[in-house]
Each structure stands twice: as structure tokens, then as C-alpha cells.
Amino acid sequence: MASDNAAIIPVDLTPTITVAAGQTLGTLDLTTAGVDVPTDVPVHVDMVNIRRTVVINVIPATLNRFVLSKNSVFGGESLSGQIDLAGRAGPSGTVVSISD
């Protein structure tokens with residue numbers, strides 16, 4: 001098993017898949033890294049002289065949720081907020097602009 005971009009889809013932790021005796025299916029789990037731009041990553045599996053390839057499209061994180069600690073405050077009070085991304089931030093980080 002191999003990935004053409006191990007920085008985004010590392011497969012060194014799971015270099016092989018074992019299909020149990022008498023079975024026809026083996027499973028695997030892959031974890032992707034965050035990306036700054038949409039990136040196609042080919043992943044290959046090999047058995048004897050047969051190679052199969054699947055191309056995985058890894059997309060950048062998007063804004064999932066934004067919450068503030070309070071919905072109303074007295075003038076001069078502080079509040080905090082939190083954003084939640086759908087996906088991991090890419091290597092350059094993800095910038096979320098704040099406006100009123």
C-alpha cells in the first residue's frame with residue numbers, strides 16, 4: 001500500500017492489509033492531514049503483479065460553527081467566541097475573518 005503524497009495521506013503506519021483465512025474482504029483506516037487547497041492523492045494497493053489505485057480528493061477545512069459566550073452584554077463587558085472547522089486546518093493554518 002502506498003500514497004503518492006504521504007504528507008497528506010500517510011500509509012506508513014498501515015503498509016499492509018490482511019484478509020483473514022476464508023474471507024474475501026479486508027478493511028483499513030486512513031487519516032488525512034489538513035490541506036490549503038483541494039488536492040487529489042492517489043492511493044495504491046498491490047498484490048502479486050496487480051495494482052489498484054483510488055484517487056482521494058482531500059478538500060480544505062470549512063467553517064462549521066461559530067458561537068459566542070454570551071448573546072447580550074452590558075457596554076464595556078468582554079465576551080469570548082469559538083469557531084469550529086469541518087476538517088483539519090491546512091499547513092498554513094486557516095484564517096477566519098471577523099466582522100460586525
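Arg51 pairs up with Asp46 in a salt bridge, and the closest N and O atoms sit 2.7 Å apart. Keep in mind that this is a predicted model. By the rule used here, the count comes to one salt bridge, so this pair is the whole set under the cut-off of 4 Å between a side-chain nitrogen of Lys or Arg and a carboxyl oxygen of Asp or Glu. In general, side chains of opposite charge can pair when their charged atoms come close.

How exposed are the partners? Arg51 is partly exposed, with a relative accessible area of 46%, and Asp46 also counts as partly exposed, at 42%. Two other residues make handy reference points, so here they are alongside the pair.

| Residue | Relative accessible area | Class |
|---|---|---|
| Arg51 | 46% | partly exposed |
| Asp46 | 42% | partly exposed |
| Val48 | 77% | exposed |
| Ala61 | 15% | buried |

Val48 sits in the loop between β2 (39–47) and β3. Its backbone is worth a look: phi of Val48 is near 55 degrees, a positive value in a residue other than glycine. As a rule, most residues other than glycine have a negative phi. Val48 counts as exposed because its 77% relative accessibility is over the 50% cut-off.

Ala61 belongs to another loop, the one between β3 (50–58) and β4. At 15%, Ala61 counts as buried, because the cut-off for that class is under 20%. Ala61 and Thr24 are 37 residues apart in sequence, and their C-alpha atoms are 35 Å apart in space.

Now for the nonpolar surface. Leu63, Phe66, Leu68, Val73, Leu79, Ile83 and Val96 form a nonpolar patch, with about 580 Å² of accessible area together. Which element gives the most to this patch? That would be β4, with three residues. Leu63, one of the patch members, is found in strand β4.

Then there's the second largest pocket, with a volume of about 170 Å³. The elements giving two or more residues to its lining are β4 (62–68) and β5 (81–86). The lining is made up of Leu63, Phe66, Leu68, Gly81, Gln82, Ile83, Val96, Ser97, Ile98 and Ser99. How many nonpolar, polar and charged residues does that lining have? By class, there are six nonpolar, four polar and no charged residues.

How values were computed. Residues numbered from 1 in each chain as written. Predicted model: local features only at pLDDT ≥ 70, side-chain atom pairs only at ≥ 80, totals over all residues. Heavy atoms only, no water. 1 Å grid on protein atoms, 1.4 Å probe; cavity = no way out; pocket = protein on both sides within 12 Å on 5 of 7 lines; lining within 4 Å. Points joined across faces, edges and corners; volume = space filled by probe spheres on them. Helix = DSSP H or I, 4+ residues; strand = E, 2+ residues; numbered from the N terminus. Nonpolar A, V, L, I, M, F, W, Y, C, P; charged D, E, K, R; others polar. Buried < 20%, exposed > 50% of the residue type's maximum accessible area, 1.4 Å probe, protein only. Patch = residues over 30% accessible without salt bridge, like charges linked within 9 Å, V, L, I, M, F, W, Y side chains within 5 Å. Areas by Shrake-Rupley, 256 points an atom, 1.4 Å probe, with all protein chains shown as cover.
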